[in-house]
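Here's a protein with a ligand to look over together. Let's go through it as questions and answers, asking each time what backs up the wording.

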Amino acid sequence: MFDKILIANRGEIACRIIRTARAMGIRTVAVHSDADTHALHVAMADEAVLIGGPAPRDSYLRGDVIIRAAQDTGAQAIHPGYGFLSENPDFVEAVEAAGLVFIGPSAQAIRAMGLKDAAKALMQEAGVPVVPGYHGANQDPEHLSGAADAIGYPVLIKAVAGGGGKGMRLVEDPAQFMDALASAKGEAATAFGNDAVLIEKYIIKPRHIEMQVFGDGTDAVHLFERDCSLQRRHQKVIEEAPAPGMTEEMRAAMGQAAVRAAKAIGYKGAGTVEFIVDGSRGLRPDGFWFMEMNTRLQVEHPVTEAITGVDLVEWQLRVAAGEGLPCAQEALSITGHAFEARLYAEDVPAGFLPATGRLEHLRFPDTARADTGVRAGDVISPWYDPMIAKIITHGPTRAIALKRLEAALGGTQVAGSVTNLAFLGALARHDGFRAGDVDTGVIARDLDSLVAVPELAPWEWAAAAALAIGLDAIRAPLAGFSTSGPIWQQVPLADVDLRIAVTGPRAALVQVAGQDPAVVARDDGLRVAGAPELVCGVCAGGAVCLFGPVPRVLALVDPLHRASGAGAGADVVLAPMPGLVKAIFVAPGEEVAEGARLAILEAMKMEHTLVAARAGRVAEVLASPGAQVEAGAALVRLEDEA
Ligand code: MV4
């Protein structure tokens, strides 16, 4: 076994790997960017090496610098985590050329799965079911259109180099095929530098079910399936294992197909074989098809660990160190059911925009596994994925595991950034999801009700007012307390007419615009008239946060911020975060209406449309498509209002 390994990653996955390495007596080396000097993964590791600037291309993607750090610290192996360099075959070869062990599959196995058409051909040869379609080399439009006719509409055009839905077009009518093909090829050429596509039969109401596989280079086993159908714009939101409605017969067929796939490429380490499943007629052994293989440990691996009792990182380290498979297929079994919810710093009502901020307060319930890379006081910066934590629950049945997830989400406390916590709670309570009725369209179909923000109850206003003036503090303010009757003061919460009167060292009256006053008392948490239980919350980072089943973030009035927003901000459109300018839609001299699309910025794997804050004439365009810009960079300037 290794004495020391280097982890070429950051955040929760780096911390996750360190935890197992430490339990195995293996020393760990963290690498970090300038932005991560005080990050949790650095604090947890035995040693840390600074590898460069905050942008990933200057640090976490610098394979050469990372390999040198491993050599300088005497690490024998490199664990890549997920993302960054984890599926880069050139990096694998460089690691091995440096005399180090890559904790993962061979460069050749990664390459075999890198392009969809070649992977599909390879899988078909290995006896793995693939979606009916054309994945040959002939890219002549007439030939592809003929293939679509032969497959039967609707069809899906997919970029062979694609992923996450990029370069993908649904064609329902043969008359639209040529236009869709041109547009898919254009997008693929820009995004991947490879415009080759394949054509597939379109699976209606698909489910995403993936098999965890594990190989030692010769032999392979599977560790059952995960259902990742709950996605939004190709981002997984809640995952679970096993898949609801899975039959023993279908599991056996999928498991066998996944093991065949792994063995066909001599797979070593942890991998995932993704299948698309036709959910329209229930799960059937002949209703699943290979989509792609992920040649890494996945974000959602903890649900598999929960139902199998296997530590997948331990297995990765053992196999990388030369051991054979730790366990035979017959010795693996499923116990109960598990869920994972991904907690993100994001503004859900604003369209799931990634958010940033200092986590002034952060607490996870001790009834669930919480995999995180941050602690209270840490900053969610615009440089990296804004995931705060993964909340994982397990139970003897799906219903119990889901109830535990709901409770764990209700007991999760975050202040300092907006999060998707309320959205996750709404999903956990969604009737269809609760019934196990999942497909990849659930979130999109019910988006309005899932993101709806219920009106605040009077007791929530009362609690927020009490927190805003610090009634919960150890030495509650006596200012304003009068024995001759309540003295009302205005509460500095935005967008509400709210008054509070302190009536004692631990008590207050709160009144919302004209309604009856509510009583608030402090008593190890806030006791509020009308509230179902003691209210938990904090006032931090310019907002009041109420915790519980329906978490709330209520902004405090900030006069400085309001002044700047109304001034220069309206004339200049700034990049809200660092990113790549994908498109500019306007030219100098052009008249634009309020809300007109000005530019698209790609940041953190998402496209953000920047719009005009007011009507006006474009004075200047300050960036061009393809430019990498910093946060706050001016992109478009409007002429001064006359
Ligand atoms: C499909 C499909 C329907 N039929 N292929 C989306 C991303 C890429 N990895 C594959 N995707 C899909 N491929 C056929 N032949 C529907 C999707 C799809 C999807 C798949 C998995 C999870 C979420 C999805 C959301 C929309 C579309």
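Q: Where is Pro-242 found?
A: Pro-242 sits in the loop between β12 (235–241) and α9 (248–264). Keep in mind that this is a predicted model.

Q: What makes the peptide bond from Ala-241 to Pro-242 worth a look?
A: That bond is cis, and its omega is near -5 degrees.

Q: Which kind of peptide bond, cis or trans, runs from Tyr-153 to Pro-154?
A: It's cis, with omega near -5 degrees. Pro-154 is placed in the loop between α7 (141–151) and β7.

Q: What is there to say about phi of Lys-205?
A: Phi is near 55 degrees, which is a positive value in a residue other than glycine. As for its place, Lys-205 lies in the loop between β9 and β10.

Q: How many residues surround the ligand, and which are the closest?
A: There are 17 residues around the ligand, and the closest are Leu-156, Lys-158, Glu-200, Lys-201 and Ile-203. Sorted by class, that shell has eight nonpolar, five polar and four charged residues.

Q: Which part of Ile-203, backbone or side chain, comes 2.9 Å from a nitrogen atom of the ligand?
A: The backbone: one of its N or O atoms lies at that distance, 2.9 Å.

Q: What about the side chain of Glu-292?
A: An N or O atom there is 3.5 Å from a nitrogen atom of the ligand.

Q: How much of the ligand's accessible area does the protein cover?
A: On its own the ligand has 530 Å² of accessible area, and the protein covers 89% of that. Elements giving two or more residues to the shell are β7 (155–159), β9 (197–201), β10 (206–216) and β14 (288–294).

Q: Why is the ligand said to lie between domain 2 and domain 3?
A: Because domain 2 (132–201) and domain 3 (207–451) both give residues to the shell around the ligand.

Q: How do you know what domain 3 and domain 4 share?
A: About 810 Å² is buried between domain 3 and domain 4, with carbon and sulfur atoms giving 70% of it. Their centres, taken over C-alpha atoms, are 39 Å apart. Domain 3 puts 10 residues into the contact and domain 4 puts in 11 residues.

Definitions and conventions: Residues numbered from 1 in each chain as written. Predicted model: local features only at pLDDT ≥ 70, side-chain atom pairs only at ≥ 80, totals over all residues. Heavy atoms only, no water. Near = heavy atom within 4 Å. Polar contact = N/O pair within 3.5 Å; in protein donor to acceptor, adjacent residues only side chain to side chain. Areas by Shrake-Rupley, 256 points an atom, 1.4 Å probe, with all protein chains shown as cover. Helix = DSSP H or I, 4+ residues; strand = E, 2+ residues; numbered from the N terminus. Nonpolar A, V, L, I, M, F, W, Y, C, P; charged D, E, K, R; others polar. Domains from an automatic or database assignment. Contact = heavy atoms within 4.5 Å. Buried area = accessible area lost by both parts, 1.4 Å probe.
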